[in-house]
Structure formats: structure tokens, C-alpha cells
Amino acid sequence: MNTDVIKISSIEESQRDLAKAASIIKNGGLVAFPTETVYGLGADATNPDAAAKIYAAKGRPSDNPLIIHICEPNEAERYTYTTALYYKIAEHFMPGPITVVMKSRSCIPGCTRGGLDTVAVRCPENKIARELIRLSGVPIAAPSANLSGSPSPTCAEHVIKDMLGRCDMIIDGGACSVGLESTIVRIDSDDTVTLLRPGKVTAADLRSLGINVLISHAVTEELGSDERVESPGMKYKHYAPKKPFYLLDGDIESCVEFIKSKQEKNIGIIAYSEDVEYLKNNVPNLVIYEFGAKDNCEEQAQRLFDLLRRADSEAIELLYAPLPVVEGIGLALYNRMIRAAAHNIIRL
Ligand code: TXA
Ligand code: MG
């Protein structure tokens, strides 16, 4: 398949290209587009054949449902049975990096929702994404635009690497500002949600509105092999670098001692900015990937997937990273990193 790659700097100057992208969506094709979280691989959510193409392009299991992207929060009305709690969440966090799971209406085909009776709805903030949805006139089903099992793409180069030849168009809208996928909550009752995937909108943000937030244990723990999961995506090993990847739980001095004791030649480490000099001075030949300042989880979130991809493409045999603190968006980092590391934590 021939893939058009188009670069968009301003919505106004790119109306022709965006109209072309929208017509691809309307005609059942695939367009990769930027959102503020990660790039998505989009298709018409109401067209089962189009949704099926997404699964094929990603190599994604067909029981792992897709998020549908809408342009305005009240469009959820057409596709789901909304509640007052949905509107409370929407009023405070939409458009933005949050996805809400509700009971689906029948206009969303089973293929889009992986056979479930619920559907996940998200109203992204990114202007290109919103204009594409608006011009398409349909909800856009879009998972992250990576091959199944590799880290989500946070810039067009990542999408090009995974999806060139697998979709009709890739829209390059620059780097994603958040860098981790949206927070996913399921509405359970009039005042309670379950957090299925942590993201930039935190449990504390939701609780500050008086909402009860239960946290699915799959967010921080390893699932049993025959356990029933609340969100199908949780059972798949995600975000996995190809190299063995371990999280180090200890201060930088014990990390250095530990790494020095290893025999492997080419070791990579994701390190806080404050620790880079110390590592350089104490471990020769270490490949260092700068994660950002220790207390700046937003910066770390923005960089994580790019660093994992870089580590994958370079000649290192082993990768380490610090175990993140489980606070605020740190919970989202922790969730992605323990899964990338297949729960391998080394306590120092
Ligand atoms: O930030 C994001 O959410 C990005 C951008 C493109 O919007 N999308 C994204 O999609 O991360 P994806 O498919 O990579 O992850 C969606 C997750 C999957 O783990 C899936 O299992 C879960 O959402 N999900 C989708 N529909 C669901 C439902 N009805 N019930 C529970 N979980 C659902
Ligand atoms: Mg994904």
C-alpha cells in the first residue's frame, strides 16, 4: 500500500490536506494522526470493514477494543448511553487526555468494541485530531499507531517506522505534548468510576470533583494467566523493548555498584538528568538516555516511549531504568514501565 506522509503546521494552511485525510476516513481507509497523548491509527468507527483494517495493520488481537474519538463531548450521546457523571468528567477534562467507558449503542459495530457491550470514548484536545474528526463527520476509531507490542508513537518518525505501507496516510503534526496514552475510566454508577489505565488526568484530579475512584489492580500488579480482565488491553504485554529491560529500585550509588558488577558489555540506562554526570564519571561506556529532571514527571512522560524506541534501535544488550514514584502522573509512568519491564524490578 502506498502511504502519503503530510506535514501540518497550521490548520488554516492545511485544509486541503485535512479534507483529503477526512475523505480517506469516510471511504473506509486508514489515517494515522497526532493527538496530545500519542499518535492514533484512525478509521471510521461505524464501518466494521474499516475497523477490521486497523487490527490487520497493527497485528492486533481482535478482542482488544478500540477507542472512538469524537469532536465534541456531547457527541458521545449518539454512540453510548451517557450519564450525568460522564458530563461532569467531560466538563472538567474534555477535550483532553481522558477516555470514558460506557454502555455502547448498537450503531458502533462489535468489531470496533472487540465484542464487548461497552465502548471507550475520547475527545482529544489536539487541533489536528479535532479538525480531522470534524471534517470526517464520523467518530474515528483509533488505537495507538504502533505495531502491536512496540511502544506507542509520540512523533511522526515513530509512526513512519511502524506504519509506512500499512495505512493510506500519515499526518505529521510534530511531537505529542503528553507522551503517554490517555487515562481510561469506566463509569460504574452515579458517583463511582474504575481507573483502568492511568494517564495525565490522575485519580486525585477525579477525586477532587467528589468522584469515587477505584483503581483496577491490573494498573500496578501482574495479572494471573487465567484471570478475567476489566480492560482487554491489560492482558497483552505492551510497550516492550526488544532488549532485556529491568527497573532498578535504589539510590544512584547502589545502581552504579550493581551495574559495575555486571559482565555485559553494552549496557544502556534511562537516567534522571541529575544523575547523568555521576553515571558518566563512574561507569565507562554506559549508554545514557536522559529521562528529564527527577521531579518532572511530565518531562519523563513525554520522553519515555522515544527512549525505549532508541534503546531498541541501538547496539545495547541490556537496558535499565529507575523505578518511578507512584504519585500523580508518576502512576502512569510506573504502569507503562513495569509492563515494559515485564515486572522485573531489582531491589538494591
Ligand atoms: O491516548 C490514547 O488513548 C490513544 C490515542 C490515539 O487516543 N489511544 C490508545 O488506544 O491508547 P489503544 O487501543 O492503544 O489503547 C486503548 C485501550 C486498550 O487497552 C483497550 O483494551 C482499552 O483501551 N479499551 C478500549 N475499549 C474498551 C472497553 N470498552 N472497555 C475496557 N477497555 C477498553
Ligand atoms: Mg496501544
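Keep in mind that the model is predicted. Two packed helices are described by the angle between their axes and the distance between the axes, so look out for those two values below.

**Helices α10 and α11**
- Start with α10 (residues 297-313) and α11 (residues 330-340), whose axes come within 9 Å and cross at roughly 20 degrees.
- Angles under 35 degrees count as roughly parallel, and α10 and α11 are therefore roughly parallel to each other.
- The crossing of α10 and α11 is left-handed.
- On the α10 side, the residues that meet α11 are Cys 297, Gln 300, Ala 301, Leu 304, Phe 305 and Leu 308. Their partners in α11 are Gly 330, Leu 333, Arg 336, Met 337 and Ala 340.
- Sorted by type, the residues of this contact come out as eight nonpolar, two polar and one charged.

**Helices α1 and α5**
- Now try α1 (residues 15-26) and α5 (residues 127-136): their axes come within 8 Å and cross at roughly 55 degrees.
- That angle makes α1 oblique to α5.
- Here the crossing is right-handed.
- From α1, the contact takes in Gln 15, Leu 18, Ala 19, Ala 21, Ala 22, Ile 25 and Lys 26. From α5 come Ile 128, Glu 131, Leu 132, Leu 135 and Ser 136.
- The contact of α1 with α5 has eight nonpolar, two polar and two charged residues.

**Glu 36, a buried charged residue**
- You'll find Glu 36 in the loop between β2 (31-33) and β3 (40-44).
- Buried means under 20% relative accessible area, so Glu 36, at 5% relative accessibility, counts as buried.
- The side chain of Glu 36 makes a polar contact of 3.2 Å with the side chain of Arg 122.
- A polar atom of the Glu 36 side chain also lies 3.1 Å from the backbone nitrogen of Asn 126.
- Leaving aside neighbours within four places in sequence, Glu 36 touches several other residues, including Gly 96, Pro 97, Cys 176 and Val 178.

**Helix α2 from start to end**
- At the start of α2, a side-chain oxygen of Asn 47 reaches to within 2.9 Å of the backbone nitrogen of Asp 49.
- In α2 (residues 48-58), the buried residues are Ala 50, Ala 51, Ile 54, Tyr 55, Ala 57 and Lys 58.
- Those buried residues pack against β3, β7 (140-141) and α6 (156-163).
- After α2 comes Gly 59, with a positive phi near 70 degrees.

Definitions and conventions
Residues numbered from 1 in each chain as written. Chains lettered and ligands numbered in written order. Predicted model: local features only at pLDDT ≥ 70, side-chain atom pairs only at ≥ 80, totals over all residues. Heavy atoms only, no water. Axes fitted to C-alpha atoms, helices over the stretch in contact; angles between N-to-C directions. Helix = DSSP H or I, 4+ residues; strand = E, 2+ residues; numbered from the N terminus. Parallel < 35°, antiparallel > 145°, perpendicular 65-115°, else oblique. Left-handed = near helix turned anticlockwise from the far one by under 90°. Contact = heavy atoms within 4.5 Å. Nonpolar A, V, L, I, M, F, W, Y, C, P; charged D, E, K, R; others polar. Buried < 20%, exposed > 50% of the residue type's maximum accessible area, 1.4 Å probe, protein only. Polar contact = N/O pair within 3.5 Å; in protein donor to acceptor, adjacent residues only side chain to side chain.
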